[in-house]
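User: I would like to learn how to read helices and sheets in a model. Where do we start?

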Amino acid sequence: MTQIADPVQLQARKLDTGKVRQARISGWALLGLAALVAFVFGQDVVGDATFRLSRPNDPLALPNLVIPALPFTYIVAAILAFLGVRLFLQGGVRWTSLALGFGLFLAVAAFLVWATAGKSFSLTGMLQATVVRAVPIALGGLAGVLSERVAVVNIAIEGMLLAGAFTGALIGSLLGGLGGLFAAVAVGGLFGFILAALVVTYRVDQIIAGVVINLFVLGVTSYVSSQVYQEHRFLNNAPVFAPVKIPVLGDLPVIGPVLFYQNIFVYGAVIMVAVATYYLFHTRMGLRARAVGEHPRAADTLGINVYRTRYVNVTVAGMVAGFGGAWFTLGSVGRFDENMTGGRGYIGLAAMIFGRWHPVGALMAALVFGFADSLQQKLALLNTPIPSEFLAMSPYIATIVLVAGLIGRARPPAADGKAYVKE
Amino acid sequence: MDVELRGITKRFGSVTANRDVDLKVTSGEVLGLLGENGAGKSTLMNVLCGLYSADEGEILIDGKPVAFAGPGEAIAAGIGMVHQHFMLIPVFTVAENVVLGVEPTGRFDHLDLRRAREQVRAINDDYGLEVDPDALVENLPVGIQQRVEIIKVLFRSADVVIFDEPTAVLTPQEVEDFFNIVKGLRDDGKAIVFITHKLNEILEIADRISVLRAGEIVGGGEVGELNAAELAELMVGRPVSFDVKKTPFDPGEVLLEVEDLTVLRDNDDLAVDRIDLTVRRGEIVGIAGVQGNGQSPLIEALTGLRRVAGGTVRFKGRDITHASARDRHKMGFAHIPEDRQRTGLIPAFTIAENMVLDSYYEDRFSAGPNMRWSAVNAAAAQAAADFDVRTKSVFNTVATLSGGNQQKVIVARELSRDTEFLIAAQPTRGLDIGSIEYIHSRIVEAREEGDGVLIVSSELDEIMALSDRILVMFKGRIVAEYDGASAEKGVVGLAMAGAAA
């Protein structure tokens, strides 16, 4: 007595899937943005928004970008509303994230136009600041990628950045910029090694070990900067690396100043991201490192030294973070201030997650955060009705929105955060 | 290549996993290593493949003593192991998994995946394994994943291949293919160690058998000299009966009615696809099927642990499609979950605490915000005695119990009250024969008392022994139904592999 099921098509039926739910939520979000753009930005906007693309004495000058504010606002609102309604009508299983991402981009553009209406604003300057401010976040994210790919959760990136910034300023003041940079990298590597020793050999909980390092670095550097630097100011007076212009490319309009007229930290970050990508995905060592992060016991049975792999990667991650930390002093202001990293290490971790544990993804995510960071800085100059305290929140708000709302189902390395016990 | 273990002793703290074990396997033969779970088979083989180091004794290869500092050295010496839980990295491709640890490389440490793919194809062709080197391992069925493990071992040119419980996750048809592969390897001159607790398999594939009990070799011999009953007695230490005694099938009213049930996995893939199903009083319905064909999501949906995406579930005529787990529990549902350590018990809690996880809020165990611990402990001690949980005290944590006793704690918790409907998922997975006998008798007892029983198991023998009615699940659908008394194992096995669909 055998009964056989007949094969039936699946598509015809309505299923209450998570994807449909996600599309519906995204639809509401887009409609909400449309309403915001139409009723808030559209209310009191007058005149044109002028975006400067070049400085007057650039060799290849582009004319200013002039956008009539009111029509632009309403067009954006209409597109947002269309995208939102479309998600509802189609049940929008495809392109949901793309529609939401594009909608957010448009909303930000409308916001910029609204804030600039009747004034002028240097778009190139803001993009340049975006890249500069993305550097520590990208390097923090890259450090996170390198250590989490071998399954060590690295909360200590914040502390490593701060240690790098401090060391860069101190040694930079004594020995010059290059000396400071090397010292910052070495100290970052030292803290990476300490973290590895704590979590790999002594199996301290990875979050706690990271927090301990962060608090230790914060305490020591704050003490020195408030007690010692007050009296011996020459110890906190480091040179700043000047921007290096790449011939020809540096003269291009917009992308020239944004990408090819920056200091060594920007170039260094891009090179490190490229090298890390090659290392992780195209080399033998990278394959082994990822195996250790996904399934350490399997790696062990194949004769791969799990502990050594973790030590090496976490130490290198610390060196990357130390380099990123030096940016705060040697690449920016030349002096150390108490807690000057301000949580950029944690934002770097968010960039790592948003970038799906891929170096290039982390870099792209860092650019988004860098954009939010530079936006708040430049908008403060425009006299918008928004209080500056709220503007200063924007990088952190961007973190919450992106990590909570947009990333969807990113998959961390399977063994992430777990100590490996050999026997 | 011949390998000999001489006087191997391995201790973990105060526990001795292996005591003075001698074992020998020669080129061109299959040695069957038989023993119950926890007898020390895997520990012994982990010593041989370099993962553990022995406290006493030595390993000889072709008569010469060797010492392995790690798995890498054992691999280099030609010893390869296919582990019970596959040592594969799910997000890597087949080729990446195969070459991991011995990767072909070019300049700048560059991974030469093209060469890796060619090498995998070459092994494929030599042994007729047919595995796509570019497939992601997580997308492959377990039977193919096992072939990837075999390719891994062959890629490292192993002369000794150890299989640790290789058939636990395979369908009967896959087992047949697998045995053919093993025979091919043997005829190719490899020495093979085949670890299992399944008697019929070892009699089919092994040339020589050694039986391990409580860490010691208790007997063995050539395969022709031994029969199943003798081996079972050696393995368990007492005579064993294989039959389950049941009263004649006499079902009552319909208890559970499932109509058009659709359930999704966490990633929104279809797990259960419009299933219809009824269970009557006094009936054991067995769902056979290879793991991963939607049985777990089905059970979760029926017990209220997973959202139902479509269809209805009725219990005694009442719609319970969206009822909570506690509501179902109060209606008389008992649930033996498939993973006792993850969803069945809290290992760090005491036996007594685990016994009342489902009923702690009832007045007999709590008064307002306070627990009545004396009542809890008394009830737990009673239940432990009734259900043969072997422990010195109910204040011990569950983690200290053996798998069989852990499972008995769950059975005690679920059945020591008035139940109407029992759902048991993989009720005897990984248990010793004694515990299996006991838990089967309890399940049958529930049926005799007029409960409806739904069993899910990937062990076809278990389904065949217990069920009044057998349903076969394949790719989220019920593809076949058989009468429990007259079904033939081979036919059901074919349906499990999807032949009926």
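Analyst: Start with contact: two residues are in contact if their C-beta atoms, placed from the backbone, lie within 7 Å. This is a predicted model. In it, helix α3 (residues 96–116) of chain A lies across β1, β2 and β3 of chain A, and α3(A) runs at about 105 degrees to β1(A).

User: Which strands of chain A does α4(A) touch on the sheet?

Analyst: Helix α4(A) packs on the sheet and touches β1, β2 and β3 of chain A. The direction of α4(A) makes about 35 degrees with that of β3(A).

User: In what order do the 3 strands form the open sheet?

Analyst: Strands of a sheet pair through backbone hydrogen bonds, either parallel or antiparallel. Here the order in chain A is β2-β1-β3, with mixed pairing. Strand β1 (residues 48–52) of chain A pairs with β2(A) in the antiparallel sense, over 4 bridges. A49(A) stands opposite I67(A) in β2(A).

User: At what angle do the axes of α4 and α13 of chain A cross?

Analyst: Two packed helices are described by the angle between their axes and the distance between the axes. The axes of α4 (residues 123–148) and α13 (residues 344–354) of chain A cross at roughly 60 degrees and come within 7 Å. α4(A) and α13(A) are therefore oblique to each other. The crossing of α4(A) past α13(A) is right-handed.

User: How do the residues of this contact of α4(A) with α13(A) divide?

Analyst: They divide into 8 nonpolar, 5 polar and 2 charged. Among them, P136(A) and I137(A) belong to α4(A), and L349(A) and M352(A) to α13(A).

Note on methods
Residues are numbered from 1 along each chain as its sequence is written. Chains are lettered from A and ligands numbered from 1 in the order in which they are written. This is a predicted model: local features need pLDDT of at least 70, side-chain atom pairs count only at pLDDT 80 or more; totals for chains, interfaces and linings use all residues. Axes are lines fitted to C-alpha atoms, for helices over the stretch in contact, and angles run from 0 to 180 degrees between N-to-C directions. Helices (H or I, at least four residues) and strands (E, at least two) are DSSP runs, numbered from the N terminus. Angles under 35 degrees count as roughly parallel, over 145 as roughly antiparallel, 65 to 115 as roughly perpendicular and the rest as oblique. A crossing is left-handed if the near helix is turned anticlockwise from the far one by less than a right angle, and right-handed if clockwise. Ala, Val, Leu, Ile, Met, Phe, Trp, Tyr, Cys and Pro count as nonpolar, Asp, Glu, Lys and Arg as charged, and the others, Gly among them, as polar. Two strands pair if DSSP finds at least two bridges between them.
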